[in-house]
Amino acid sequence: MRCRVVSDLLGRSATGDGMTRRTRVIAIDGPAASGKSSTAQMVAERLGFLHVDSGSLYRAATAAVLRLESEPSRWTEASVLEAVRAVGLRAARTSFYPVLDGRAIEDEIRGGDVTRNVSRVAQMPRVREWVNTKVREAAESKDVVVDGRDMGTVVFPEADLKIFLVADSRERAARRLRQRGTPTSEQLLDDETIRIRERDALDARQTVPAADAVVIDTTGLTQAEQVEQIVTLSEQRPN
């Protein structure tokens, strides 16, 4: 039943001229700091698709519930679902982005409080259903590149192309530190590697490649090389 519903979503009209065409979906999954979001954004720009970062929706949900209750231990699935009523997803030139109470919240969702607590929210099954629904809605009328941890297995099992990015945990830790602009030392790198591995353990159930996914080890690849591989794979797929 789920596959049929997703198939129906992907087959809806993407034009306003009465002609129906199937929207295209590229699903990019992988563990934390594997480069999913930045790579997905660049692939979307190259192909003229829109990028959907499912992680930003979990972060938006976390930001929303933080505004209502600052103590995470008091959060319940019901309270998070109540908070996300104020969260929406808007299309921009190259991507969809979350809004809270109608306003963009990029700085807020990248803050320390959200980062420390987003895994707690992401473990809630009904919150995951809410995120998946939002992502599917985004793909109803636009060609999209979506990234997350179960995009190719749960959300879009019939995606045109499924990619699973992997990288050594220490390399992912180094990327995370560079992303933050943090000066790197061996101690900082060791600490961040531990955090990455802890996050992997928390996300293990959702971080599984689809049986038909193309696995790309990005440990020794530049981002440009990652993007080029995915764009090439997409172009080889029939429209």
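The accessible surface of the chain amounts to about 11,900 Å², and carbon and sulfur atoms account for 48% of that area. These values come from a predicted model. Of the 239 residues in the chain, 49% are buried. The secondary structure consists of 11 helices and 8 strands.

**Overall form**
- A compact globule of 239 residues would have a radius of gyration near 18 Å, and the chain agrees with this because its own value is 18 Å.
- Along the principal axes, the C-alpha atoms occupy a box of roughly 55 × 45 × 30 Å.
- Considering contacts between residues at least 6 apart in sequence, 73% join residues at least 24 apart.

**Charges**
- The chain carries 36 positive and 36 negative charges.

**Strand S4 and its partners**
- Strand S4 spans residues 96–100 and is mostly covered, with 4 of its 5 residues buried.
- Strand S3, residues 87–91, runs antiparallel to S4 and is joined to S4 by 5 bridges.
- Within this pairing, Val87 stands opposite Leu100 of S4.
- S3 and S4 form a hairpin, with 4 residues between the two strands.
- Strand S5, residues 103–104, is also antiparallel to S4, and 2 bridges join the pair.
- Leu100 stands opposite Arg103 in S5, and Leu100 is also the residue opposite Val87.
- S4 and S5 form a hairpin with 2 residues between them.
- In the turn of this hairpin, Asp101 has a positive phi of about 55°.

Terms used. Residues are numbered from 1 along each chain as its sequence is written. This is a predicted model: local features need pLDDT of at least 70, side-chain atom pairs count only at pLDDT 80 or more; totals for chains, interfaces and linings use all residues. Side-chain values use heavy atoms; hydrogens and water are left out. Buried means under 20% relative accessible area, exposed over 50%, partly exposed in between (1.4 Å probe, protein chains only). Two strands pair if DSSP finds at least two bridges between them. The radius of gyration is taken over C-alpha atoms; the globule rule is 2.2 Å times the number of residues to the power 0.38. Contact means heavy atoms within 4.5 Å. Accessible areas come from the Shrake-Rupley method with a 1.4 Å probe; for residues, only the protein chains shown count as cover. Lys and Arg count as positive and Asp and Glu as negative; His and the chain ends are not counted. The place of a charge is taken as NZ of Lys, CZ of Arg, CG of Asp or CD of Glu.
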